[in-house]
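Hi everyone, thanks for coming.

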Amino acid sequence: MQNYIHGAWRPSSATDFLTVVNPATGEELTRTPMSTPAEVDEAVRAAAAAFPAWRRVPVTDRVQYLFQLKTCLEEAFEELARTITLECGKTLAESRGELRRAIENVEVACGAPTLMQGYNSEDIARGIDEIMIRQPLGVCAIIAPFNFPAMIPFWFLPYAIATGNTVVVKPSERVPMTMQKVFGLLESLDLPPGVVNLINGGPDVVNALCDHPTVRAVSFVGSSTVARHVYARAAASGKRVQCQGGAKNPVVILPDADLAAAAEIVADSAFGCAGQRCLAAAMAITVGEAGAAFTDAISQKAAARVTGDGLDERVQMGPVITPESRQRVERLIDRAIADGARPIVDGRNPAMPERLRGNFIRPTVISGLPFESEVARTEIFGPVLSLHHVDDIDAAIAIVNGGEYGNQASLFTTSGASARRFRYEAEVGNVGINVGVAAPMAFFPFSGARGSFFGDLHGQGRDAFEFFTQQKVVVERWPSHWSRRF
Ligand code: NAD
C-alpha cells in the first residue's frame, strides 16, 4: 500500500506495518504502512500548496471532475465491491450497497454550484447592501473506520473538493485497499496535484493530522472513545471538527406491529454486515404481548441466516473483521450469560468449512440480559441481538433515551400516533419507523446525537456544504456621487 501525495504514488518510509488479512479465509492480503508524522506533513503541505489555485477554479468546472468520477466509479463498480468484501468481509450485496451510497454522495456534491450559494439583502440601511458568501476552508482531513471502506470517505471527500477545499484522506489501516483503488480512479481524472492526498497509517497519523497547524478541518468516523479524543485534540488547535462515534441501537416492537415483517427487518439490521454497522439493531425491546411471537420469529431468522465467505453470492452474513474482534464479541456473550442472560440462538464457535479460517460467529440472540449488566451498555459490534421486554411504550422510550448513545432508534407499529410520539421523543439522530437501518440518503445529513456524535454539522447533504465552507459577510456602500455619471 502506498501513499498518494501531490499527484504521485509514494512508498511510505514507515518501518512499522499492519498485516491486512481476509477476514473470511485468514489469507494475508497486503501490509499497511504506519506512515510517519513527517509524511503527514508532506501530504498536508501538498494539499496547502494546491489550495490557492483550486479555490479559484470555478465551481462549475470543479464539479466536472465529480461527473467524471461518477463514471469511473460505475465502471469499476464490481471490482471495488469485490475489494471491499475481500478486506472487510461483508457480503457482495452489502459491498454493492455501500458503493451505491458512495456514488450517490458524488452525485449530490455535483449540486455545489447551487448548494454552496450564499444569500443577500439590498438596502439593509439606505443605500447599503449586505451579502453572505461561502468560501472554502483550506486543507481538510478525513479519517475513516474499517466498516465502510468506500462509503464513509465519500460522506466528506466529494463535498470538500466541490466547495474548493483540498483533502488528506486517512483510511482505516485494517481496510486500506479500497481507498487505494479509489485513488487510482481519482488519479485518472487529472485533478491538479495536491487536491486529493492519501495517507495510510494508524493513531500516530490521526494525531499528527489533529495537531497540524495547516489543517483547517477534521471529519472523523469511528468508535466514540476515539471520536471524543479527536474532537478534543483537533478543536484544541482551533480546527473545525465533526466526529461521528459508536452506537447501541434499540428497536421497539409494539404489539400492533406486523411481527413477521418486523422480525425479517430487525434480523437484517442486527445481523447484516455481521452486526458491524453503526446503525445495527443491538437491542430489541418488545412491548406487551409482542414478546413471545417476536422472540420465535427473530430466533428462526437468526438460526436460518447463511454465514460464510461474502464473495459467495448465496451467503447472507460474513465474518467479523479480526480474530481479536471475534474473541471480544464472544467474551461479551460469555459475560452476558454470566450476568444472567439466556442464549436462545448461540453463534459462538461455529463449525465452518476448512477453507474458511476466518473470524466467524453466527447470529446470536440472547434474552434476559439485566440492564445493570455492563454488556447492556456496551457496543458489541458483532451479530448479537439482546431481547428485552417491557409493559408499555413509556418504558420502551425511557430505555431508548436512557443509554449513552444516540445514533439510531426504530419503532415497529401500525399506529400513526405511536409512530409520531416515538419520532418526537426519541433522543437519537436517526429514527426508523418500520425501518431497521435508517441510513440517511446522501442528500440528508447522516445524523447522530448524544454519545454518538461530537460536533454541530454532520456528514452528507446540506450539512456537508455548511461544514466545508466558511461564511463571509460583506456590507457594501456605493454612493452614486462617487461615480461619474454616464
Ligand atoms: P476506531 O475508532 O477504532 O478507528 C477509527 C479511526 O481512528 C481509524 O482510522 C483508526 O486508525 C483511528 N484510531 C484508532 N484508534 C485511535 C487512537 N487511539 N487515536 C487516534 N486515532 C485512532 O473505529 P473502527 O473500529 O475502525 O470502526 C468501528 C466504530 O466506528 C464503531 O464504534 C462504529 O459504531 C463506528 N462507526 C460510526 C459511524 C457513525 O456514523 N456514527 C459509522 C461507521 C462506524
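This is a predicted model: local features need pLDDT of at least 70, side-chain atom pairs count only at pLDDT 80 or more; totals for chains, interfaces and linings use all residues.

Residues are numbered from 1 along each chain as its sequence is written, and side-chain values use heavy atoms, with hydrogens and water left out.

So where are the domains? Domain 1 covers 3-245 + 452-474, and domain 2 covers 249-433; these bounds come from an automatic or database domain assignment. Taken over C-alpha atoms, their centres are 31 Å apart.

The size of an interface is often given as the accessible area lost when the parts come together. Here, about 2000 Å² is buried between domain 1 and domain 2, and carbon and sulfur atoms give 58% of that. Buried area is the accessible area (1.4 Å probe) that two parts lose on being put together, summed over both. On the domain 1 side, Pro23, Ala24 and Ser452 lose the most area to domain 2, together 24% of what that side buries.

Now for the polar side of this interface. Between the domains there are 10 residue pairs in polar contact, both residues at pLDDT 80 or more. A polar contact is a pair of N or O atoms within 3.5 Å; within protein, one must be able to donate a hydrogen and the other to accept it, and residues adjacent in sequence count only if both atoms are side-chain atoms.

How many salt bridges are there between domain 1 and domain 2? The count is 2, with a salt bridge being a side-chain nitrogen of Lys or Arg within 4 Å of a carboxyl oxygen of Asp or Glu. Side chains of opposite charge can pair when their charged atoms come close. Arg96 and Glu313 do this through their side chains, at 3.0 Å from N to O.

Let's look at another pair, Glu404 and Arg228, whose side chains meet in a salt bridge at 3.1 Å, N to O. Glu404 lies in the loop between α13 (393-402) and β17 (405-406) and Arg228 in helix α9, so this pair ties together parts that are 176 residues apart in sequence. Helices (H or I, at least four residues) and strands (E, at least two) are DSSP runs, numbered from the N terminus.

Next, Glu104, which sits in helix α4 (residues 92-109). Is Glu104 buried or exposed? Glu104 counts as buried because its relative accessibility is 13%; buried means under 20% relative accessible area, exposed over 50%, and partly exposed in between (1.4 Å probe, protein chains only). The Glu104 side chain reaches the backbone nitrogen of Ala442 at 2.6 Å.

Last stop, the cysteines. There are 0 disulfides, a disulfide being a pair of cysteine sulfur atoms within 2.5 Å. For Cys140, the nearest cysteine sulfur is that of Cys210, 13 Å away.
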